[in-house]
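Let's take a friendly walk through a protein model together.

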Amino acid sequence: MLSESNNKIFFKLIQESSQEEMIWMCGYISGLLFYKKKDFKEIKKKEKKITLVYGTETGNAKNLAFDIYEKAKKEKIKIKLINLDQYCLKDLEKEDYFFIIMSTHGEGNPPSSAKSFFDFIHNNKNLFLNNLKYSVLALGDKSYTYFCKAGEDVDKRLYDIGAIRIIPLYKCDVDYENQANKWFFEILNFFKKKNKKICGKILKNIILNNQEKGSNKEIHHIEILVPNKIEYSPGDSIGIFPENPSIERDNIIEYIKKNRKKEFEEYQYEEKNKISYLLKKKFNILFLSENFLKKYSFLSEKKNISFNKKWKLIDLLIKFPMKNESSLKDLIKIIESIKPRLYSISSSPKVHKNVIHITVSRHNFQLNEKTVYGHCSDFLSKLKIGDKLSFFIYKNKIFKLPNSDKNIILIGPGTGIAPFRSFLYEREAIKATGRNWLFFGDQHFDTDFLYKTEILNWKKKGILYRLILSFSRDQEKKIYVQDKIWINRMEFFSWIKNGAYVYICGNKIPMSIDVEKMISRVIEKVGRCDSQLFIKKMKKEGRYLKDVY
């Protein structure tokens, strides 16, 4: 509708114009609308800005930044590189993707080249970066008290002022190459996955544990039929965006219909704007982050939201309703997206044609005196044969098999067996001459021996040169895989001394830490040498590799 004054001008112009003049005006307006529409499309297609910055004191961060910059260019990622002492601080609010390499100097301080940036983000109380997506690579030295503190502070501050952390903070010791490479490959996969979503179909979903005999675990073996020409290698993972449970979605929809009916109806016109679609596929409505809770507190009537509690969106809406002046649009603006979960591929591309296998533990824990299941593992556990599943391939260019003539030691209790199943199928298929030694463990032999038939068959055929099993609860005193490493310490040290590759996969805490402590003990007691230097040398040679979670 035109305003009253414009309405008078419009009708006066029509009355005083000839037919030819009115035809010209129609054509002019049509052309104007066309080009405005075209301009809007061009704006939508505008490429996002990707910036890599570094703060350096000794030059390590600078050298690393230039190395990553060159790698990104080879991968056809359009990225801008700049030293933080030359960065225009006002541009920060205009950035889309912002990657930071930050060293730590002195007593946990940022390097001098990054001080202005550091002070700007910490002292500017009006700074709010809810459109910025970022990740930090922190460089440091573990022998100092304030290891990687400057990078940690930057990472936390950006998160606190609304920026979206797309890749977790990476902290690097003086031998930073492996961690830095892993950080870069996470960045690479983040951008590649945006255009390479794959739609597969569930072929099989079975529980590997014998629950009838009393297993308290629920680990699923899932097989996914995929289109032709899907490329992956042993050691890679798939990334899955879980859907939200229907009961949670329905509860939120009922609440919005009841309390904000008019606003709700406005979102039902376009398919991809429908609240039901957004709640199912896009919005994180479970286990809300502290960052989201802080933003929500500004929309709420009450401000005393506990950040120490795990909230679901429906519980938050009921206990802390939004103010009348706050809109559904305001809420939608701050809701975070569902983040993908990574699962190691447990199949081999040479053996399992057009099918990908994953091994998934249905995680559960107690929350507010109720048993709650992990978002993605619960979603996957309920998939039926024929259901469709969208995912992307996460290329792990570090956790890879060596040449076929090299010996490997695989340490993977529980679901840590997943990538090693892929490794062993692959080594069998290519007739690798290197020897394979597997350490596997879980709670009970009878109920929790994952892939038992396959593993014992590999031992029988000689694919596994050594197989060491450890079922912690089959005897009074618990015995874990690290205890079996100590029992076999003489041979273990002989293998790693003579060039064997060590792979560790499974829970980071406590498993991987306990295993690493034991390996260090073996090196010091059997090899009578400095375990830190020995492991550091193995890492430099690419012979000590971990994939832990």
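A residue is called buried when its relative accessible area is under 20%. Keep that cut-off in mind while looking at this model, which is predicted. Y503 has a relative accessibility of 0%, so Y503 counts as buried. F399, at 1% relative accessibility, is buried too.

How many aromatic pairs are there by the counting rule used here? The count comes to 30. F399 and Y503 form an aromatic pair with an edge-to-face arrangement: the ring centres are 5.4 Å apart, with 90 degrees between the planes. F399 lies in the loop between β14 (388-394) and β15 (408-411), while Y503 belongs to strand β18 (residues 501-506), so this pair ties together parts that are 104 residues apart in sequence.

Another pair to find is F449 with F471. Their ring centres are 5.4 Å apart and their planes stand at 55 degrees, so this pair is tilted. The pair links distant parts of the chain, 22 residues apart: F449 sits in the loop between α15 (445-448) and α16 (452-461), and F471 is in strand β17 (residues 466-471). F449 is buried, with a relative accessible area of 6%, and F471 counts as buried at 8% relative accessibility.

Aromatic residues can also gather in a group. Y97, F99, W183, F190 and F191 form one aromatic cluster.

Now turn to the strands. Strands of a sheet pair through backbone hydrogen bonds, either parallel or antiparallel. In this model, 6 strands form an open sheet in the order β10-β9-β14-β7-β8-β11, with antiparallel pairing. Which strands stand at the edges? They are β10 (341-344) and β11 (355-361); each has a single partner strand, so one side of each is left without a neighbour in the sheet. On average, neighbouring strands of this sheet are turned by 40 degrees against each other, direction ignored.

I206 has H221, in β8, as its bridge partner.

Finally, find helix α18 (residues 489-497) and helix α19 (residues 508-525). These helices pack at an angle of about 85 degrees, with their axes 10 Å apart. That is why α18 and α19 are described as roughly perpendicular to each other.

R489, F492, F493 and I496 of α18 make the contact with I519, V522 and I523 of α19. Sorted by class, the contact of α18 with α19 has 6 nonpolar residues, no polar ones and 1 charged residue.

Terms used:
Residues are numbered from 1 along each chain as its sequence is written. This is a predicted model: local features need pLDDT of at least 70, side-chain atom pairs count only at pLDDT 80 or more; totals for chains, interfaces and linings use all residues. Side-chain values use heavy atoms; hydrogens and water are left out. Axes are lines fitted to C-alpha atoms, for helices over the stretch in contact, and angles run from 0 to 180 degrees between N-to-C directions. Helices (H or I, at least four residues) and strands (E, at least two) are DSSP runs, numbered from the N terminus. Angles under 35 degrees count as roughly parallel, over 145 as roughly antiparallel, 65 to 115 as roughly perpendicular and the rest as oblique. Contact means heavy atoms within 4.5 Å. Ala, Val, Leu, Ile, Met, Phe, Trp, Tyr, Cys and Pro count as nonpolar, Asp, Glu, Lys and Arg as charged, and the others, Gly among them, as polar. Two strands pair if DSSP finds at least two bridges between them. Rings of Phe, Tyr and Trp (its six-membered ring) pair if their centres lie within 6.5 Å; planes under 30 degrees apart count as stacked, over 60 as edge-to-face and the rest as tilted. Buried means under 20% relative accessible area, exposed over 50%, partly exposed in between (1.4 Å probe, protein chains only).
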